Structure formats: C-alpha cells, structure tokens
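Subject: Structure handover

Hello,

Here is the structure for you to take over. Please open it alongside this note; what I found comes after it.

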Amino acid sequence: MTLQSRIWTELDFNADGKQEGYLCLPISTDESGGGFLPIPAISVKNGPGPSVLLQAGNHGDEFEGQIMLMKFARRIKAEEIAGQLLILPGINAPAVEAGRRTSPVDGANLNRVFPGLANGSPTSMIAHFLTTEMLPRVTHLLDFHSGGRSMEFMPSAHIFRPDDAARYAEGLHLLRTFAMPESLVMEGKTGHEQKLTAVCQSAGVLHMSTELGGGGGVSIPALRAAEKGLIRVLKDLGALKADWDVEPAPITTFYRRQNHRNNVFATGRGIFEPFFDLGEWVEPGQPACAIHFSETPWRAPEVLSFKEGGIVLAKRAIARVQIGDGLYIVGQPLNVDEMNPPSA
C-alpha cells in the first residue's frame, strides 16, 4: 500500500472486511541493519458509515486501553459494523513492549513530537504516520490513556475544549455517552501544539481521551467502565450494528482540568508523603504533601501547598521524587453556565 509515510503496511485500508497485520516501522540497529519494528493494526470495514480510530499504547506503561482494544479487536466482526474501525492497540510498539512511557529506541515521548517527521526518529515517524495516514481517514479518534507508572488518576475521560461551539457540544455529548465517573474539559495550551489533540483539531477529527488509573497496574473498575463506554459510543455514532448488551450511560460529573503550571511539583530530592488521596477536596494554599530528605533525616521536611482548590484528579504513585516531578493535579467543577458551548 502506497503511503506518504516511510512506515509501510500490507493492509489495505480501503478494502472491506476484517484485516489483521502490522505497520512496519523501518529501523537500522546493530542487531537489525535493515529491518522493521512491527506495530499491530486491525482494519474492520463494512460499507458506508462513520470512520473511527481506536488507539491505545501512546505511552507503553498505560495498560487498561491496550487490554480493552485487544479484547475488542478479537471479538468484532466486519458484519457487525457500519463504516470503518481502525484499531491500534499498541501504537507506540517499542514503548509498549518495554512497558515504558517513552520509547527505548530513541527515548522520545510520542505525545510530545506531533505532527512528526517522515524522516525523523522512529517515534517521530509514528507521529507522522498518524498525522498523514490515519487522521485523514477518520472522523473520530478515541485515544485511551492511563496515568502510567508514575501517576494515579481518577478514572475519567476528557476532551480539549475547541473554539467552535458545535464541536464543543459534540465533545460534551461524547463524554456523556462514554460516561466515566468523571469527565474533564482541558483548557490552556501548555505544549498543546506537540500533542495528538492539536493535529486532530487541525484535521477536523473529534478527539476523546481517557485516564484509566495508573501506577503501573490495571484498574479493574476503570477497565470495566471503559469497555462499557466504548460500546455505548460506537453504538451512538452508528458504527456498531451488533446487538451487544451494554448498560445505559450513568451520570458523569464534569470538571475543568487546570493549567499544567498550577500542578504541585517536587522542589527537592527525597520521599513524597501525600496528605490527600484521589477524589478528595482541597483548598488553595492548603498543605498538599511533604518531601522528606533521606540523606539528612534530621532536616525538617519541606511542605508544599496547593495553588488552586478543587478535587484531586491525580497524584504521584512513586514515593521517591526529585526536583520537577509532578505530584498532584487538581480540577475544578464546571458550573451550568460553563457547560454551555461558547458562542460561534
């Protein structure tokens, strides 16, 4: 199949039916001078209908989405859908196989190198492939993340708030249909231009992501909730024709995820003692945690405070910290007025 990207595949994304195979990421190393790294891919196509990209493994240490999409890909049949589902259960395959956030091949974070380069590093080539080959084929992208090894999140789904009123309303509907316990609206653009959300907005693709636990493990409640949410969304979009049982969407609570710069960060090297857990309410200026100095245990710990009040959406899962490590993320409830889309 002829592509703009240097990544190639024997899959024919234009053909009806169910296909399973690999995206082939060219690599040249001491052990493999002219080989490729395999990225598993599944295309399920059945006539006209919506086109949806289902993706997990952007970060290799986030496991709930990978499990969910592997299970779904094994189950789904072409005759059960309308349109096309493109399923990438482990898009950043080198990081997935290593169980790492970043790629062991080039040390890059896939969600910080968009839109990527055709002749860039391996991770940049993956970003370029998604930007040039996948996004033009789809109208929706469901991108499943978790907190990874270093962070624990309240199970949630989120969108990046667009300027367009109609698009914002679509995104809110998507969150209500997926219906995780919490739904987040992201605002502010810290590093946004390097992330998948930015290229999705440029391509006119409606993007929804998740945070399904973290800490390097698998959250059973988050995984089960996401599996139900995936079926609801695909049915709501008209992509899933099969009569699969699924519970009605429960109520989801909406929050605004604060600007990255207002998170709590470690200011020294030591041991992190959290004062609050996920889901607890905090006030601005309230002590959040302490950093204990194991090399000088007679020294008083440094106490850090929250910059903004709200609900604890995420906290660090690893006790050892150094300067700059993220410790807490706080979100604020969205009131009724804020739930209304902005004027067009």
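Buried means under 20% relative accessible area, exposed over 50% and partly exposed in between, with a 1.4 Å probe and protein chains only. Helices (H or I, at least four residues) and strands (E, at least two) are DSSP runs, numbered from the N terminus.

This is a predicted model, in which local features need pLDDT of at least 70, side-chain atom pairs count only at pLDDT 80 or more, and totals for chains, interfaces and linings use all residues. Residues are numbered from 1 along each chain as its sequence is written, and side-chain values use heavy atoms, with hydrogens and water left out.

**The parallel strands**

Start with β8 (156–160). Five of its five residues are buried. Ser156, His158 and Phe160 cover one face, Ala157 and Ile159 the other, and all are buried. In a regular strand the side chains alternate between the two faces of the sheet. β8 runs parallel to β9, joined by five bridges. Two strands count as paired if DSSP finds at least two bridges between them. Ile159 has Val185 of β9 as its bridge partner.

β6 (residues 140–144) has five of five residues buried, so the rest of the structure largely encloses this strand. His140, Leu142 and Phe144 are buried on one side of β6, Leu141 and Asp143 on the other.

β6 has these partners:
- β4 (residues 51–56) pairs with β6 in the parallel sense over five bridges. Gln55 is bridged to Asp143 of β6.
- β10 (residues 206–211) runs parallel to β6, with four bridges between them. Leu142 is bridged to Met208 of β10.

α3 covers residues 122–134, 13 residues in total. From first C-alpha to last, α3 reaches 17 Å, close to the expected 18 Å at 1.5 Å a residue. The expected span is 1.5 Å times one less than the number of residues. Of the 13 residues of α3, 13 are buried.

Pro115 sits in the loop between α2 (93–98) and α3.

α5 spans residues 196–203, and its buried residues are Leu196, Thr197, Ala198, Val199 and Cys200. What do the buried residues of α5 pack against? They pack against β4, α3, β6, β8 and β10. Contact here means heavy atoms within 4.5 Å. Gly204 follows α5 and has a positive phi, near 75°.

**Helices α4 and α6**

α4 (residues 165–178) packs on α6 (residues 220–237) at about 130°, with the axes 8 Å apart. Axes are lines fitted to C-alpha atoms, for helices over the stretch in contact, and angles run from 0 to 180 degrees between N-to-C directions. The two helices, α4 and α6, are therefore oblique to each other. Angles under 35 degrees count as roughly parallel, over 145 as roughly antiparallel, 65 to 115 as roughly perpendicular, and the rest as oblique.

α4 contributes His173, Leu174, Thr177 and Phe178 to the contact; α6 contributes Ala226, Gly229, Leu230, Arg232, Val233 and Asp236. By class, that contact has five nonpolar, three polar and two charged residues. Ala, Val, Leu, Ile, Met, Phe, Trp, Tyr, Cys and Pro count as nonpolar; Asp, Glu, Lys and Arg as charged; the others, Gly among them, as polar.

Ala179 lies in the loop between α4 and β9 (182–186). Its phi is positive, about 60°, although Ala179 is not a glycine. Ala179 counts as buried because its relative accessibility is 4%.

**The antiparallel sheet**

Four strands make an open sheet, ordered β16-β15-β13-β18, with antiparallel pairing. Its edge strands, β16 (302–305) and β18 (320–321), each pair on one side only. β13 pairs with β15 (residues 287–292) in the antiparallel sense over four bridges. Pro274 is bridged to Cys289 of β15.

Phe272 belongs to β13 (residues 270–274). At 6% relative accessibility, Phe272 counts as buried. Which residues does Phe272 touch, not counting those up to four places away in sequence? They are Cys289, Ala290, Ile291, Arg316, Ile318, Ala319, Val321, Leu327 and Tyr328. Phe272 and Gly57 are 215 residues apart along the chain, and their C-alpha atoms are separated by 28 Å.

Best wishes
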